[in-house]
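Have the viewer open and follow along.

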Amino acid sequence: MKIVAWIIRGLNKLFKQKELCRFIRMNKIRLLAILEHRVTETNANQILKKVAAGWRCVTNYETNGKGRIWVIWDPNILQFNEMVKSNQLIHGKVFIGALKLQFYFTAIYGLHTIEDRKILWHELEVIHSGTDGACIAMGDYNAILGVDDRVYGNPVQEVEIRDFRNFMLNNNMNELKYIGRKFTWTNNHVWSKIDIVIVNAEWMTIMKQMKMIVMDLFIADHSPLSIQFEDTAQGGPKPYHFYNYVA
């Protein structure tokens, strides 16, 4: 089973709804953070029924009217209990019964300006300072962590990475190691890594072998980010190394 975060704009289009439904089914996704979908609140339920019938959903329409974040999940496999919701994140606790595993999950869609993202870093700091347990935060931060995380665009400035790095350092968070593509977004002129998975020390202790999988571009200009668990009778959850979309 997989947990995925993905920016997929234009989900009002029927062909994207069909392809997303197929993508979920073929890749055995059981929790999906859909980001920047551009679906109005009045159309959300109808589209969700087409994409993932019978699944549960939490959105953040009430925080800004645009509802840039959906967290949807298969209630037959896991539970997601919402705890915090804002303009740039949805945070809650995941429980996977078959694995006897629980952890905190945050879906991220960072806004485009440094000042807007200062609010995101503060919100994340408040969340993680009061959290006791394994935490993972994944999505589009609209920020980069290093000077080599963007090519062919404007040179990376220190001001672009300072706040993100300070948040990581002050809260003992680490970027999860990844498999697959280095750059997660492109407009065919610029390539950058703005879709990122970060975890805390407890996550690294419990699931030390797990890596994030950057899946291939499919029907969007952002790569899906994937964490995969393999059900096993002994030894707890293990990563399942599958990182390409199945055609």
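Before we sort any residues into classes, here is the scheme: Ala, Val, Leu, Ile, Met, Phe, Trp, Tyr, Cys and Pro count as nonpolar, Asp, Glu, Lys and Arg as charged, and the others, Gly among them, as polar. What you have on screen is a predicted model, so local features need pLDDT of at least 70 and side-chain atom pairs count only at pLDDT 80 or more, while totals for chains, interfaces and linings use all residues. Residues are numbered from 1 along each chain as its sequence is written, and side-chain values use heavy atoms, with hydrogens and water left out.

Now for the holes. Rolling a probe the size of a water molecule over the atoms shows where empty space is left. Here that is done on a 1 Å grid over the protein atoms alone: a cavity is a set of points where a 1.4 Å probe fits but cannot get out, a pocket is an open set with protein on both sides within 12 Å along at least five of seven lines, and lining residues have an atom within 4 Å of a point. Points are joined across faces, edges and corners, and a volume is the space filled by probe spheres set on them.

Searching the whole structure turns up two cavities of 30 Å³ or more. The largest cavity comes to about 50 Å³, and its lining is made up of Ile114, Arg117, Trp121, Ala143, Val159, Glu160, Asp163 and Phe164. Two elements each give two or more residues to that lining, α4 (114-129) and α5 (158-170); helices (H or I, at least four residues) and strands (E, at least two) are DSSP runs, numbered from the N terminus. The biggest share comes from α5, with four residues. By class, the lining holds five nonpolar residues, three charged and no polar ones.

The largest pocket has a volume of about 370 Å³. It is lined by 17 residues, and Asn142, Arg150, Trp185, Ser192 and Ile194 are the closest to its centre. Its lining splits into six nonpolar, six polar and five charged residues.

Arg150 deserves a stop of its own. You'll find Arg150 in strand β9 (residues 150-151). Is it buried or exposed? Arg150 is buried, at a relative accessible area of 18%, where buried means under 20%, exposed over 50% and partly exposed in between (1.4 Å probe, protein chains only). Its side chain makes a polar contact with the side chain of Glu160 at 2.9 Å; such a contact is a pair of N or O atoms within 3.5 Å, and within protein one must be able to donate a hydrogen and the other to accept it, with residues adjacent in sequence counting only if both atoms are side-chain atoms. The Arg150 side chain also reaches the backbone oxygen of Asn154, at 2.8 Å. Setting aside neighbours within four places in sequence, Arg150 is in contact (heavy atoms within 4.5 Å) with residues including Ile144, Phe183, Trp191 and Ser192.

Next, go to Trp6 in strand β1 (residues 2-7). Trp6 is buried, with a relative accessible area of 1%, and its side chain reaches the backbone oxygen of His222 at 2.8 Å. Beyond its neighbours within four places in sequence, the contacts of Trp6 include Leu20, Phe23, Leu35, Phe218 and Pro224. The C-alpha atoms of Trp6 and Ile194 are 12 Å apart, with 188 residues separating the two along the chain.

Most residues other than glycine have a negative phi, and most peptide bonds are trans. Arg38, though not a glycine, has a positive phi of about 65°; Arg38 lies in the loop between β2 (29-35) and α2 (41-51) and is exposed, at 55% relative accessible area. Asn188 also has a positive phi, of about 70°, without being a glycine. Asn188 belongs to the loop between β12 (185-186) and β13 (191-192) and is exposed as well, at 61%.

Finally, the cysteines. Cys21 is partly exposed, with a relative accessible area of 25%, and Cys57 is partly exposed at 31%.
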